[in-house]
Amino acid sequence: MKLLLLNIKELLQVREHPPTKVAGKDMGILPSLKNAWLLVQDGKIKDYGTMDALPALEGFKTIDCKGKMVLPTWCDSHTHLVYAGNREQEFVDRIHGLSYQEIAEKGGGILNSAKRLQETSESSLYTQSAQRLEEVMQLGTGAIEIKSGYGLTTDAEMKMLRVAKKLAANYPVAIKTTFLGAHAVPATFKDNKEGYMDLVCGEMLQKISEEKLADYVDIFCEEGYFTVADTERLLKAAAKQGLVPKIHVNQFNAIGGVAAGVKYHALSVDHLEVLTEADIEALKNSDTMPVALPSCSYFLSIPYTPGRELINAGLPLALATDYNPGSTPSGNMNFVVATACIKMKLTPEEAINAATINGAYAMGLSETHGSVTKGKIANLIITKPVPSYGFLPYAFGSNCIDKVIIKGKVI
Ligand code: NIG
Ligand code: FE
């Protein structure tokens with residue numbers, strides 16, 4: 001389908017020669033064109049310009065964007081969108097005073113979701129996950145990463161990744177998959193974490209690589225879960241299978257996982273609610289993207305990632321949802337962008353860069369996603385009429401989205 005967007009109040013994130021990521025002061029710059037048009041052809045961005053120089057074009061379906069902003073769809077580089085059932089009882093338990101860690105120690109948390117997932121058929125898991133994916137697409141997400149990690153057996157981990165792959169085949173959003181077998185030690189390996197690590201680094205890694213089910217590898221490097229030594233062991237084994245790391249680090253404690261990630265060329269290190277000077281130093285001069293998950297901080301009432309400090313240190317930052325049943329039962333990137341501004345003191349320009357171009361980087365999608373660039377996939381959000389783009393995070397509780405275009409089609 002050919003589409004022509006006309007009278008766009010402001011076309012955001014326009015980059016003729018896009019960098020793969022933006023860092024430091026550059027994060028405060030959001031290039032745009034006012035009073036613009038944009039042409040979509042064969043699912044890609046064909047051309048754009050200002051209305052005063054609109055060429056004669058025929059054979060296109062037109063959309064009048066008067067008063068509206070157009071920007072690239074969100075790139076959500078960290079989710080656990082494939083899961084079975086929900087954990088609202090744990091949410092209520094936390095209201096009554098139990099902590100997230102206490103709930104996990106009592107067999108709730110990740111192990112609770114793993115039990116549910118193991119008992120759920122692949123087709124039901126697909127149906128539940130597809131419903132979530134459709135919801136986040138309507139909320140403007142056009143590229144998404146999905147992790148395993150609620151299976152914790154070879155079969156169940158593979159089931160999760162097959163479901164994610166099936167979503168990728170059936171929906172127009174770009175989907176990257178990550179093997180997170182080392183999310184928690186399952187009950188069957190209680191007091192035998194080494195035995196479980198043998199399984200993760202051996203059979204699981206091998207089968208998942210053989211069937212090409214994952215693009216990336218992940219581990220929950222955290223006190224009470226997996227150590228830095230476990231992390232290094234897994235990343236070393238995964239590198240042999242060609243799997244690049246994207247890892248969970250520094251959610252509750254800084255135990256050295258950031259430096260380990262950088263050492264093994266992690267594409268991203270995610271969470272970072274607790275961050276030391278040494279972690280910031282480790283990230284400097286690396287290709288590793290720090291990823292903040294502010295909806296998780298909001299839901300668990302834990303500290304927000306010090307995004308300002310990271311940006312002020314000249315580093316890049318990406319924003320993602322962490323959509324999962326325990327710590328973040330929301331896949332709404334609009335809320336993430338708003339919360340990054342409200343709680344982490346990012347400017348709207350920084351937050352939009354973090355949720356688009358830098359999110360694309362954190363999924364290895366810089367070539368095709370994250371900016372308005374000729375030849376990139378036509379994944380676009382058309383907002384409702386808004387006074388300025390700063391209104392988007394400001395009006396944090398409103399749905400400012402009018403239309404979402406993915407691969408050139410209005411969904
Ligand atoms: O990213 N921190 C580890 N994993 C998930 C949450 C897991 C859960 O509670 O189900 C996260 O927050
Ligand atoms: Fe996560």
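**Ground rules.** I work with a predicted model, where local features need pLDDT of at least 70, side-chain atom pairs count only at pLDDT 80 or more, and totals for chains, interfaces and linings use all residues. Residues are numbered from 1 along each chain as its sequence is written, chains are lettered from A and ligands numbered from 1 in the order in which they are written, and side-chain values use heavy atoms, with hydrogens and water left out.

**Domains.** I looked up the domain assignment first. It gives domain 1 as 2–73 + 371–410 and domain 2 as 75–361. The bounds come from an automatic or database assignment. I find the C-alpha centres of domain 1 and domain 2 29 Å apart. Across the boundary, 27 residues of domain 1 touch 31 residues of domain 2. Contact means heavy atoms within 4.5 Å.

**α4 against α5.** Helices here are DSSP runs (H or I, at least four residues), numbered from the N terminus. I took α4 (residues 122–138) and α5 (residues 154–170): their axes come within 10 Å and cross at roughly 50 degrees. Axes are lines fitted to C-alpha atoms over the stretch in contact, and angles run from 0 to 180 degrees between N-to-C directions. α4 and α5 are therefore oblique to each other. Oblique is what remains after roughly parallel (under 35 degrees), roughly antiparallel (over 145) and roughly perpendicular (65 to 115). From α4, I list E122, L125, Y126, S129, A130 and L133; they meet K159, M160, R162, V163, K166, L167 and N170 in α5. I sort the residues of this α4–α5 contact into 7 nonpolar, 2 polar and 4 charged. Nonpolar covers Ala, Val, Leu, Ile, Met, Phe, Trp, Tyr, Cys and Pro; charged covers Asp, Glu, Lys and Arg; the others, Gly among them, are polar.

**α5 against α6.** Next I checked α5 with α6 (residues 193–210). They pack at about 40 degrees, axes 10 Å apart. α5 and α6 are therefore oblique to each other. T154, E157, M158 and L161 of α5 meet L199, E203, M204, K207 and I208 of α6. That α5–α6 contact splits into 5 nonpolar, 1 polar and 3 charged residues.

**P303.** I located P303 in the loop between α10 (294–300) and α11 (307–312). Its relative accessible area is 48%, so I log P303 as partly exposed (between buried, under 20%, and exposed, over 50%; 1.4 Å probe, protein chains only). Leaving aside neighbours within four places in sequence, P303 contacts E273 and S297. P303 and L272 are 31 residues apart in sequence, yet 9.4 Å apart in space, C-alpha to C-alpha.

How values were computed. Helix = DSSP H or I, 4+ residues; strand = E, 2+ residues; numbered from the N terminus.
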